[in-house]
Amino acid sequence: MTDPSTTTADGAARIDALLAAMTVEQKAGQLTQYFYFVLPDTDAALPDPTDAAEQPRQVEAALARGGAGSLLFVTDPAEINRLQRLVVEGNPHGIPALFGFDVIHGLRTILPVPIAMAASWDLETIERGQAVAAREARAVGIHWAFAPNLDIARDPRWGRIIEGAGEDPFLGALVAAAQVRGFQGDVLGAPEHVIAGPKHLAGYGAALGGRDYDEVDLSEPQLWNVYLPPFAAAVAAGAGNVMSAYMGLNGVPATGNPWLLTEVLRERWGFGGFVVSDANAVKSLVTHGFAEDAADAAARAINAGLDMEMAIAEPAFDHLPEAVASGAVSEATLDAAVRRVLEAKQRLGLLDDPYVDEARAREVLRDPAHREVARVAAQRSAVLLKNEGGLLPLDPGTPSIAVLGPLADSRRDTIGPWVFDFDLDETVTVLEGIRNRVGDAVRVEHARGIPVVQREFPSLFDMFGGNRPEDPEGFDEQAELARAVEAARRADVAVVVLGEWQNMIGENASRSSLELPGRQLELLQAVVAAGTPTVLLLMNGRPLDLRWAAEHVPTILDVWYPGTQGGTAVADLLFGDVAPSGRLPFTWPRTVGQVPMVYAHAISHEPQNQGRRYWDEASTPLFPFGFGLATTTFAYSDLAVDRVSVPVDGTVIVTATVTNTGERAGIAVPQLYLHQRFGSAIRPVRELKGFQRLELAAGESAEVRFEVGPDLRRHWSTAARDAVLEASVFDVWVGADATADLAATFDTRG
Ligand code: BGC
C-alpha cells in the first residue's frame, strides 16, 4: 500500500502552494464544518433554533460562496457527490470537503453498542467490527468517523456510558487503540478506511450527577490516571483527528483550553492531526460565560489549539478573518490549522479524487461478510450474569418457549441508539432469532406484556426513529400482561426481554434511577410466579437495578443492544451453539444510591468494613467489574511470580493455571490486577493490568502468563506532578474478576 502521506516533498509543496493562494476567508472556510440535515419525514423538531427547512439551503449557499472544510450528517452517496460538487466548484482552488459522520457502532450493518463491544474483552473482534463500519462508511463517501468515544464513565446515570468502554483506563486504552486501528487501517488514508476521531477530550464522563453536559471537576491524578489514558493510547495508535468536549474542565471549557488542546495533546503526546469541536461548542464558549461573543470565542478556540468548528448554524469561525485583521489570531496560527485540515484531505487522496462510486457503495453495503462480523461480535459481547441450575444452554428440543416482554420483538431497540442509516428489514429480533433457530417443531409464543414506559420519552435523536408509546389507543395493558403470564404458564421455558428503550440512553438521556422502567419488574415477577423456568435477557447500555432479579430469576443474560444480527446471536447463545464469554466493563451497583462505584477505589480507614458503609444497603456491588459466567466453571491456581525482588524498572513474569472444571467447553477471561502498597501517592486497592481470552475444553488446563513491566507500574503522582515509577512492594492477583483472591507479591526496592 502506498502511503499518501504529506510528508513527501511533493505533498507538502502542494499544500504550501494552496496556502499561498488562499484568502483569509477561504482559509476560514476550510476550518468550518457544517451540519447538513435533510430530516426524515417526521414531526420531530431539531435540537437547535435552526429552521429545519431553511438549514440545507443556508449551507448550500455557504458552499457555493467558497467551500467548506467539512460537512456532516449525509450518508447517501449520490447526495455526497452532489454536495461535493458544490464544494469543489464553489471555491477557486477546487478543494473538496471531508464528509464526517457519527459512525459509532456501524453504518448499515449495526454492531452491538460500544459498551457491549468492550464487554467482549476481545480486541480483535473490536478492531474487525470498526473495520466493517469504516468499510461501509468509506464506500458511501464518508471520510471520517466521530468515534471512538473514549470517555471513561463511572456514573451509569450518564446516558453516554453506552458509547464508551466503561470505567477502566487500562481496558479503555486497549479498546481505544483497537478501534483506531479498525477505523483507520495500517496507515492514515488507507483505502476502505476512514479517519478516526476519538472524543470527547476530555473528562466528559465525569459530569456531575450523571447529568449530560454538566460541569466536570477532576483532580490531576484522576485526569492523568483515569480519564486521559484512552486518549493517549488513541493518539499513539495514530488517530488522525480528536474532538474536543462540550463541558468545562476544571473551570476552562475543553474547547477553549490551551492546556488540553496544545500542551497535553500536541506537545506531550505529539498529536499531528486536526482537532474538531463538538457540535456548536465554539459558540458555547459564550454560553459558558467564558468568551465575550462569537468572535472572541472563535479566536480563543483556535488560539487554544482547535482547528475546525463543528457548526450547526452561523459558524463562529466566520469571524476568523476579522480576528486575523485585528491581530487576535495570527496568520501563522490560522495557516497551521488549515494545513492540518488539508493534510487530512491529501492523505485520503481527496485532492485528486473527491467523488465516490455509487454503484460500489451499494455492493459494499450488501456484503454478507459484514453481517457475520456483527453476529460474532454480538455472541462475544453478551455477559452471563446468573445461571442457576445450569438452565442455559436450553435444549433446542424444548417443546414450547414463551418469548415475552416489550423488547423481545422490537427491531428498533435491538440495534440501539446512535444509528441513523440502519435497515430494519434486515434486523433480527430475539423473537425472530429464536423462531429461526428452533423451527416449526417448537411452539414459540410471544406476548409483549407491557410497554417499556407509558409516556413518551423524548430524545435528542427521535427524528431518526425514536420510540413512541406503543399502541396508545386500544392497547389493553392489563389484558396483555395477563396474556404474557398465561403464555409463560403454558411454556416449558420463558424468555423475558426487558430493559430500556434505546432512546432512554445515549446523548442527553441521563436517568435519575437505575430501575427497570415502567411496569417491567411487575411483568417479570408475574412470569416467575407462574413457576416456569425463566431466562431474563437484558437490553441495556447501563447497569440496571437487578436486586430482585438476581435473587429470584434463575438465569440472566445481558445482551445489551446487540445490533443487526442480535436475535440470531442471542439464539446461538441460548441454545449453546456458542458459549457466552463477555465480561462486565463496569462495576454493577445494586442501586442508584451507590453510584459512582468503581472497583479501583482507595481505602483510608477500616478496610475490613468496606462492604458495610451504608446502613440500608451493602456497599459492595451486585456484580463486580470483570464479572461474567460461562456455561462451565473455571478454577484458578498456582499463581507464581518469576522473582520476588526486581529492580525498580524490571519486569516480573506472573503465571497462573486456569482449569475448566465443568462439563462444557468455555472461554475464560483471566484478569491480572495490581496494587502498589506505598509511595508518594495513594494508589487504588487494585487496578486491571492484563487480561486474556482463553478457550478451554472440558477438563482442560492452561498456564496464563503476564508480563508486568515498569510501564504498568507507572502512575501520575500529585507529589511529582508527573508520571512516576516508584520502588515499592506490589500485590498481584490473577482470577476471574476484580474480586480475584489468588495473590502474590513482589518488591521493586532492591
Ligand atoms: C455529540 C458528538 C457528536 C456530534 C455530531 C454532539 O452532540 O456530543 O458526540 O459527534 O453531536 O453528531
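1. Asn280 sits in the loop between strand E9 (274–277) and helix H11 (284–287). Its phi is positive, at about 65 degrees, although the residue is not a glycine. Helices (H or I, at least four residues) and strands (E, at least two) are DSSP runs, numbered from the N terminus.

2. On the basis of the values: this is a predicted model, in which local features need pLDDT of at least 70 and side-chain atom pairs count only at pLDDT 80 or more, while totals for chains, interfaces and linings use all residues. Residues are numbered from 1 along each chain as its sequence is written, and side-chain values use heavy atoms, with hydrogens and water left out.

3. Check the peptide bond between Leu201 and Ala202. It is cis, with omega about -10 degrees. Ala202 belongs to the loop between strand E5 (195–196) and helix H8 (220–227).

4. Leu392 to Pro393 is a cis peptide bond too. Here omega is near -5 degrees. Pro393 lies in the loop between strand E11 (383–387) and strand E12 (400–404). Which residues does Pro393 touch, not counting those up to four places away in sequence? They are Leu574, Phe575, Gly576, Thr631 and Arg664. Contact means heavy atoms within 4.5 Å. Leu350 is 43 residues from Pro393 along the chain, and their C-alpha atoms are 51 Å apart.

5. Domain 1 and domain 2 bury about 3600 Å² between them. Carbon and sulfur atoms supply 63% of that area. Buried area is the accessible area (1.4 Å probe) that two parts lose on being put together, summed over both. Which residues of domain 1 lose the most area to domain 2? Arg108, Ile110 and Arg157 do, and together they give 15% of what that side buries.

6. Helix H6 (residues 123–140) packs on helix H15 (residues 358–365) at about 155 degrees, with axes 8 Å apart. Axes are lines fitted to C-alpha atoms, for helices over the stretch in contact, and angles run from 0 to 180 degrees between N-to-C directions. The two helices are therefore roughly antiparallel. The cut-offs: angles under 35 degrees count as roughly parallel, over 145 as roughly antiparallel, 65 to 115 as roughly perpendicular and the rest as oblique. Arg135, Glu136, Ala139 and Val140 of H6 meet Arg360, Ala361, Val364 and Leu365 of H15. By class, that contact holds five nonpolar, no polar and three charged residues. Ala, Val, Leu, Ile, Met, Phe, Trp, Tyr, Cys and Pro count as nonpolar, Asp, Glu, Lys and Arg as charged, and the others, Gly among them, as polar.

7. H6 also packs on helix H16 (residues 368–381), at about 145 degrees and with axes 10 Å apart. The crossing is left-handed. A crossing is left-handed if the near helix is turned anticlockwise from the far one by less than a right angle, and right-handed if clockwise. From H6, Thr125, Arg128, Gly129, Val132, Arg135 and Glu136 meet His370, Arg371, Val373, Ala377 and Arg380 in H16. The classes here are three nonpolar, three polar and five charged residues.

8. Helix H19 (residues 477–490) and helix H20 (residues 520–529) cross at roughly 35 degrees, and their axes come within 9 Å. Left- or right-handed? The H19 and H20 crossing is right-handed. Leu481, Ala484, Val485 and Ala488 in H19 meet Glu522, Leu523, Ala526 and Val527 in H20. That makes seven nonpolar, no polar and one charged residues.

9. Last, Phe634, which is in strand E17 (residues 634–641). Gly666 is 32 residues away from Phe634 in sequence, yet 8.7 Å away in space, C-alpha to C-alpha. Leaving out residues up to four places away in sequence, Phe634 touches Arg583, Val658, Thr659, Asn660, Thr661, Gly666, Ile667, Ala668 and Leu696.
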